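User: I want to go through some assignments in this structure and the criteria behind them. Please set each value against its definition.

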Amino acid sequence: MKAPRIILSNAIPIIVMIGLIPFVQNDVLLTAIYIVIIGISFFVKREKNDGIIFLFGLVGLFVSEYFFISTGVETFNRHSLFGIMPLWLPVLWGYAFIGIKRGVNALA
């Protein structure tokens, strides 16, 4: 059964990260918590190119989010990163890319 393994190793950290958003109002603290969760995830299981995929997701989605925000398609109430989006958002996206990669690898 691949589904439980995919859920346990990939989805739960992301669900926890998303679930913390309404409870941790300080974006710097939330970003630090995300980095700890990601660090633990990498310690438990690190696959080839995880770092590159994480950086690609972090930078790529920061740029994409910036364009969405600049067109008015998206808005955020928290503006701790350059006054445009929450500091934690690109970190969350970066790890989401890891989750997607790991899920695809588990299915292969």
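**Assignments and their criteria**

Analyst: E74 sits in the loop between α3 and α4; helices here are DSSP runs (H or I, at least four residues; strands are E, at least two), numbered from the N terminus. This is a predicted model, in which local features need pLDDT of at least 70 and side-chain atom pairs count only at pLDDT 80 or more, while totals for chains, interfaces and linings use all residues. Residues are numbered from 1 along each chain as its sequence is written, and side-chain values use heavy atoms, with hydrogens and water left out.

User: Why is E74 called partly exposed?

Analyst: Buried means under 20% relative accessible area, exposed over 50%, and partly exposed in between (1.4 Å probe, protein chains only). E74 has 25%, so the term is partly exposed.

User: Which residues does E74 touch, not counting those up to four places away in sequence?

Analyst: E74 touches E65, F68 and I69, where contact means heavy atoms within 4.5 Å.

User: What makes E47 and K45 a salt bridge?

Analyst: The rule asks for a side-chain nitrogen of Lys or Arg within 4 Å of a carboxyl oxygen of Asp or Glu. The closest N and O atoms of E47 and K45 are 3.1 Å apart, so the pair meets the rule. By this rule the count comes to 5 salt bridges.

User: What is the N to O distance between K101 and E47, and which parts does the pair tie together?

Analyst: The distance is 3.0 Å, a salt bridge. K101 lies in helix α4 (residues 88-107) and E47 in the loop between α2 (27-44) and α3 (50-70), so the pair joins parts 54 residues apart in sequence.

User: How do you know that the buried residues of α2 lie on the same side?

Analyst: In α2, the buried residues are D27, L30, T31, Y34, I37, I38, S41 and F42. They cover an arc of only 135° around the axis, which puts them on the same side of α2; the arc is that of the directions from the helix axis to the C-beta atoms. On the other side, V28, F43 and V44 are exposed.
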